[in-house]
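The sequence and the structure come first.

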Amino acid sequence: MAEPLELKKTLNLPKTDFPMKANLPQNEPNQLAAWQEESLYERILEARKGKPLFVLHDGPPYPTGEIHLGTGLNKTLKDLVVKTKSMAGHYAPYVPGWDCHGLPIETQVEKELGGKGKVPPAEFRKLCREFATRYVEQHKRDFKRLGIFGRWNDPYLTMSFDYEATIAGAFLDFMESGYVYRGRKPVYWCIHDSTALAEAEVEYEDHTSPSIWVKFAVVGGGSDEAAKIANDVSAVIWTTTPWTIPHNRALAFHPNFEYVVVDTEKGALLLAADRVAALQSECGIKEARVRAKFKGSDFSGMKFQHPFLPIEVPGILADYVTLDQGTGIVHTAPGHGADDFYSGQKYGLETYAPIDDRGRYLEGLPEYKGKDVFTANPIIVKLLEDRGALLGHHEYKHSYPHCWRCHNPVIFRATEQWFIEIDAMAHGRGASLRQQALDEIRHVKWIPAWGQDRMYDMIAERPDWCVSRQRFWGVPIIVFYCDACNTRLEDFAALRHVLRWFEKEGADAWYQHSPEELLPAGTKCSCGSTRWRKENDILDVWFDSGSSHLAVLKGPEWPADVYLEGPDQYRGWFHSSLLVATGIKHKAPFRSVVTHGWTLDEKGQPMSKSLGNALYPNEIVERWGADLLRLWVASVEYQADVKMSERVMTQLSEAYRKIRNTFRFALGNLSNFDPAHDAVPNDQLEEFDRWMVERTAELVTKCRDWYAAYDFHRVYHAIHDFSVVDLSSFYYDVLKDRLYTKAARNKSRRSAQTAVWKITSALVRLIAPILVFTSEEIWKYLPKAQSDPPSVHMSLFPEAEALATKIDAQKKEAWEELAKVRAAVLLKLEQARNAKSIGGSLEAKVILASGAPKLLGVLRSYAQQLPALFIVSQVEVRDDPAASSAPGGDGVQPLMIQIEKAQGKKCDRCWNYSVHVGENHRYQTVCERCSEALSEIESTPAHATP
């Protein structure tokens with residue numbers, strides 16, 4: 001007879017080469033290289049050919065500088081969307097893009113050149129193109145390092161020739177439809193960069209301005225009682241822009257407010273009755289006695305003397321006058337404000353703004369002529385004081401518009417610009433551009449829902465779109481003027497001829513060819529001339545990026561299923577894309593819009609280099625790995641502002657370690673498992689295993705629903721809790737005895753292995769969009785079904801139906817009850833250990849007593865499985881009516897739990913205690929369970945352990 005087996009060698013201890021330590025920063029680049037070598041992205045698309053199309057259209061960032069955490073959040077969220085849709089069975093291409101034109105690039109190139117105007121326009125454009133190309137390549141590298149899949153070898157660039165031709169063509173479409181006009185209106189103007197700015201290019205920052213109260217002497221006029229006002233009275237205005245006083249052309253009154261003349265030690269003053277107290281406080285006026293009262297409408301047509309210029313300005317009426325600040329009388333300079341401009345149009349006032357591109361006065365008194373507006377502020381204050389017109393003056397800190405790129409304060413300045421008229425109707429359309437856009441907003445799904453109101457309000461209240469810029473690096477406005485009579489060319493067939501040049505040479509062709517070359521030969525003006533000159537302005541970069549759906553989305557790809565960006569894009573890309581799309585295609589370019597929040601430090605402060613609190617994706621990846629950054633993105637409720645800090649990453653590292661160890665345990669116990677030969681059908685699994693696989697099916701259903709709703713944080717937390725609590729701390733803990741001690745081919749062990757394999761296969765696919773590198777690593781070690789693809793990212797999400805074990809509701813309820821009993825028992829075991837009554841749990845015998853018939857029935861039905869469930873050596877169930885008053889734990893029915901020392905001796909093989917140890921004469925130190933396992937092992941040919 002053969003010698004007895006060495007007991008230790010008969011155990012099925014976990015075996016796997018899957019490393020405990022991830023070493024993500026070192027290992028992820030190797031995986032990236034392998035994916036590139038295998039053309040994984042292209043293979044994923046090939047595998048999804050013919051599946052339903054899903055398009056996330058990428059909002060293009062500027063290729064300047066290192067990607068920051070907000071960009072990393074944005075791109076990773078997009079990757080989660082695309083990967084989840086792909087694994088849900090969609091053909092989901094991802095085409096990344098960059099917004100390569102405009103001020104951000106120009107500013108950087110000018111810095112490299114050492115100033116503005118150092119090279120000719122054509123050379124400057126070449127340098128801008130080279131700069132943008134350089135940073136596009138850097139961004140590509142950094143985005144790919146985050147595990148983001150996409151068409152990196154062929155992204156879309158707003159500076160590509162085809163794209164530039166698309167932009168120019170879109171503008172011609174707007175012009176031909178009747179939306180475009182050239183007019184003189186106040187626009188935001190950056191005097192530092194010498195260009196007009198769109199509302200989306202303006203950011204509000206704290207700024208200190210001179211706050212002044214100024215007197216305008218009454219000359220006469222007005223109606224009713226106001227006509228009788230004495231000439232010793234002065235109207236009072238308040239402003240924080242003294243530099244606009246030279247360009248004042250009216251004083252605005254609200255027609256329905258009550259105004260008063262008050263006698264003060266500083267003269268007789270006219271202002272709104274409700275602002276007298278504020279005036280006294282701000283200007284140090286001690287006494288103000290009301291001389292007379294008037295209605296605002298009485299001042300229409302009254303004349304007032306400008307404080308230092310030889311002009312009289314009229315009183316006008318305006319309903320935008322408020323009583324929140326100032327005096328209830330608004331200083332009106334039509335060349336320097338939107339409301340002022342529209343009032344000027346209504347009353348026939350001069351739109352006067354003689355200021356050059358650098359913000360310098362071209363006309364005016366010697367004191368300020370030639371000075372820039374901000375330098376002139378104190379000069380004009382002094383001028384007002386010297387003329388006796390200054391009532392009060394102090395510094396005023398407030399939120400003020402600044403240029404988004406150079407961060408210098410901007411001004412409102414009336415200039416000749418190209419505009420898209422928002423309230424115009426295209427030829428043949430029954431609704432204005434504004435109304436079409438507002439109607440489309442209602443047909444879009446907004447996530448979060450507040451996005452709908454935000455976008456609606458912005459479109460409803462916005463002015464006409466100023467689309468011209470006084471720069472070089474962009475798409476030129478295709479407009480020609482007759483050299484002879486200055487008439488604008490309106491032959492759109494001829495204008496579209498320029499697009500062919502752009503397709504061949506890009507927009508650089510505008511600067512490299514004459515009008516006669518660009519236009520069809522012999523293009524004539526109505527006056528007979530064939531000589532033309534080109535427009536100098538370029539298009540707003542928001543028109544560029546807003547045209548991206550026209551340039552990128554072809555055929556069924558338009559409209560996109562989703563746009564996903566930060567909250568600033570309601571003013572920016574969401575906004576311009578909607579207007580361009582409705583202007584040309586009369587439909588929104590997106591079916592849904594998802595918005596994420598800002599990235600903050602742990603104190604809730606915005607991250608910035610200057611504050612020293614910024615964390616960059618590259619830093620995080622080098623220290624923790626890209627999967628940890630992705631785990632952070634998936635763990636936060638991204639629709640609100642999200643916090644990031646070293647403490648957050650440390651916590652996530654621990655969560656990642658626990659998830660990884662759960663997978664490692666599973667892989668270690670599947671080392672001799674071949675699904676094709678060893679898997680047990682669902683309906684033949686042991687009941688405990690069936691229950692856990694069924695619970696996995698429920699998790700799959702929830703996670704797939706959450707993925708579909710872009711609720712990634714719910715997926716992460718559910719998978720984390722299931723892995724750590726339900727699997728590691730419960731199911732896998734219970735399975736260890738069966739997995740380790742049963743014969744390798746024992747049906748009960750194969751049932752456990754089948755369940756572990758099914759659960760692991762489901763979980764690794766569920767978490768693959770989040771942990772892209774780790775899931776691929778797990779996939780390499782996981783036993784495969786015949787149909788499994790070589791990469792987890794080519795696979796599909798698990799189907800809940802395939803995991804359903806059809807376990808009946810009564811048995812599910814029983815296991816849920818047993819799980820609660822287990823929790824109560826473990827608590828008692830811990831108390832016994834602390835009291836030194838037992839050492840390990842296998843030294844224990846658990847006595848359960850209950851008088852509750854239903855609970856007692858469950859405990860007796862599953863009595864043989866309770867020792868394994870509690871990881872103890874023995875369990876005794878008693879019917880004890882007295883126990884009905886005992887408190888239950890964790891929602892358990894009344895239950896009394898008693899812990900005693902286990903009976904019998906310790907088994908040398910499984911370490912359980914049993915009264916039957918020693919009964920096997922061949923293996924005298926093992927229990928009856930191990931005797932059965934050893935007999936089964938010895939009956940296996942050559943004691944094989946496949």
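Two strands are said to pair if DSSP finds at least two bridges between them, and the helices (H or I, at least four residues) and strands (E, at least two) named below are DSSP runs, numbered from the N terminus. The model is a predicted one, in which local features need pLDDT of at least 70 and side-chain atom pairs count only at pLDDT 80 or more, while totals for chains, interfaces and linings use all residues. Residues are numbered from 1 along each chain as its sequence is written, and side-chain values use heavy atoms, with hydrogens and water left out.

**The sheet around β4**

Strands β5, β4, β16 and β18 form an open sheet of four strands, in the order β5-β4-β16-β18, with antiparallel pairing. The edge strands of this sheet are β5 and β18 (465-466), each of which pairs on one side only. As a general point, strands of a sheet pair through backbone hydrogen bonds, either parallel or antiparallel.

Strand β4 (residues 180-190) and strand β16 (residues 411-420) pair in the antiparallel sense over ten bridges. Within this pairing, Y181 stands opposite F419 in β16, and the bridge partner of K185 in β16 is T415. With strand β5 (residues 195-197), β4 pairs in the antiparallel sense over three bridges, and here Y188 stands opposite L197. The hairpin of β4 and β5 has four residues between the strands, and in this hairpin S194 takes a positive phi near 55 degrees. Strand β4 is mostly covered, since eight of its eleven residues are buried, where buried means under 20% relative accessible area, exposed means over 50% and partly exposed lies in between (1.4 Å probe, protein chains only).

**Aromatic rings and charges**

The structure holds 46 aromatic pairs; rings of Phe, Tyr and Trp (its six-membered ring) count as a pair if their centres lie within 6.5 Å, with planes under 30 degrees apart taken as stacked, over 60 as edge-to-face and the rest as tilted. Two of these pairs are set out in the table.

| Ring pair | Centre to centre | Angle between planes | Class |
|---|---|---|---|
| W213 and W238 | 6.2 Å | 40 degrees | tilted |
| F294 and F299 | 5.7 Å | 70 degrees | edge-to-face |

Because W213 lies in strand β6 (residues 202-220) and W238 in strand β7 (residues 233-239), their pair ties together parts that are 25 residues apart in sequence. Both W213 and W238 are buried. Elsewhere, ring pairs link F665, F688, W691, F730, Y731, Y732, W815 and Y862 into a cluster.

Rings also meet charged groups, where a charge sits over a ring if NZ of Lys or CZ of Arg is within 6 Å of the ring centre and within 35 degrees of the ring normal. The charged end of K75 sits over the ring of F143, 4.9 Å from its centre, and that of K906 sits over the ring of W911, 4.7 Å from its centre.

**Helix packing**

For the helix pairs, axes are lines fitted to C-alpha atoms over the stretch in contact, and angles run from 0 to 180 degrees between N-to-C directions. Helix α4 (residues 103-113) and helix α5 (residues 121-145) pack at an angle of about 105 degrees, with their axes 9 Å apart. That angle makes α4 roughly perpendicular to α5, given that angles under 35 degrees count as roughly parallel, over 145 as roughly antiparallel, 65 to 115 as roughly perpendicular and the rest as oblique. Contact means heavy atoms within 4.5 Å, and the residues of α4 that meet α5 include I105, V109 and L113, while those on the α5 side include F124, L127 and F131.

The axes of α3 and helix α19 (residues 626-635) come within 10 Å and cross at roughly 80 degrees, which makes α3 roughly perpendicular to α19.

**Two buried residues**

T84 has its place in helix α3 (residues 69-87) and is buried, with a relative accessible area of 3%. Not counting residues up to four places away in sequence, T84 touches Y707, F712, P769 and F797. T84 and L766 are 682 residues apart in sequence, yet 8.7 Å apart in space, C-alpha to C-alpha.

S723, found in helix α23 (residues 712-741), is buried with a relative accessible area of 1%. With residues up to four places away in sequence not counted, S723 touches T662, S728 and L763.
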